[in-house]
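Please look over the sequence and the fold before reading on.

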Amino acid sequence: SLVMLNIAGGGCVDDLRVLEKDAGFARVLRRVEFHPDVSGRKERRKRERRWHKERKRAVPSPPVVFRYLGAFSDSAEEAKRGVGYAFIPSHNEHLLAPGKVNEDLVSFAQRKALHEEATLDQDATLIETYKAEALRGYKGDKAYQPLTTYWAEQDMVLHSEFRDGNVPAGCGNLMVLKETLRILPQGVMKVYFRSDTAAYQKDLLIYCAEGKDERFGVIEFAVGVDVTAEFKRAVAQRRE
């Protein structure tokens, strides 16, 4: 229901009420839940027995969804946030679960269309928000700034880490790259990496250039860099 809300352009959980009022959408969603291709006979019977009377809602009510989303939050980690410094909370088991679902989707796509190369594009994106507790990004507006890694050949998102707006785009990039490499499915033999100047970090570049990844070895990369006077002098000292 949340995925469908996102696709439909919903801006908040309360917009589920709009989806529920769409009679055609609601009817299709109810039928899909019991379609043979979605669940086996035993599972369908179990679902049918679960309801003592006919279901009228196709999507959960906003209060139910808010309770569901609450499980993804860790109050102890949330308390560590603050203005003036960047913080990325550790992920609890509920927050890690959607990533595992995405791993299955990527593996399924790889089985259907095998690609031996993976060109990874890593970038952070500012998403403006009006939430009161949101922090300000580098442009001054309240925002979130997830760091997302995209697999060009499969046209799929491999990994995405949701972050506060004040977390710099260059924070923890090597850690995210390592996690992305871990979830690449079987069949990938060669990896390339692309990013803007946010990934111009010594530890990340050395990791790629010196083949420190046990599975993929050397990872050829194209990473942006600010053309400073020092950089110009260093380039001028290299052979043609």
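What follows describes a predicted model.

**The sheet**

Start with the strands. Five of them form an open sheet in the order β5-β4-β1-β6-β7, and the pairing is mixed. β5 and β7 (220–223) are the edge strands, each pairing on one side only. From one strand to the next, the twist averages 20°. Strands of a sheet pair through backbone hydrogen bonds, in either the parallel or the antiparallel sense. Both kinds involve β1 here. β1 and β6 run parallel and are joined by six bridges. β1 and β4 are antiparallel, paired over five bridges. The table gives a bridge partner for each pairing.

| Strand joined to β1 | Sense | Bridges | Bridge partners |
|---|---|---|---|
| β6 | parallel | six bridges | T119 and Y192 |
| β4 | antiparallel | five bridges | L120 and W151 |

**The helices on the sheet**

Next come two helices. α7 lies across β4 and β5, and runs at about 160° to β5. α8 packs on the sheet, where it touches β1, β4, β5 and β6. The direction of α8 makes about 140° with that of β5.

Which residues of α8 are buried? They are N173, L174, V176, L177, T180, L181 and I183. An α-helix has 3.6 residues a turn, so residues three or four places apart point the same way. The cover over the buried residues of α8 includes strands β1 (117–124), β4 (147–151), β5 and β6 (190–195). Helices α7 (93–112) and α9 (202–209) are also part of that cover.

**R163**

Where does R163 lie? R163 sits in the loop between β5 (156–161) and α8 (173–183). Is this arginine buried or exposed? R163 counts as buried because its relative accessibility is 2%, and the cut-off for buried is under 20%.

Setting aside neighbours within four places in sequence, R163 is in contact with I88, Y144, Q145, P146, L147, P168, A169, C171, G172 and V176. Two of these names tie back to the sections above. L147 belongs to β4 (147–151). V176 is one of the buried residues of α8.

Note on methods:
Residues are numbered from 1 along each chain as its sequence is written. This is a predicted model: local features need pLDDT of at least 70, side-chain atom pairs count only at pLDDT 80 or more; totals for chains, interfaces and linings use all residues. Side-chain values use heavy atoms; hydrogens and water are left out. Helices (H or I, at least four residues) and strands (E, at least two) are DSSP runs, numbered from the N terminus. Buried means under 20% relative accessible area, exposed over 50%, partly exposed in between (1.4 Å probe, protein chains only). Contact means heavy atoms within 4.5 Å. Two strands pair if DSSP finds at least two bridges between them. Axes are lines fitted to C-alpha atoms, for helices over the stretch in contact, and angles run from 0 to 180 degrees between N-to-C directions.
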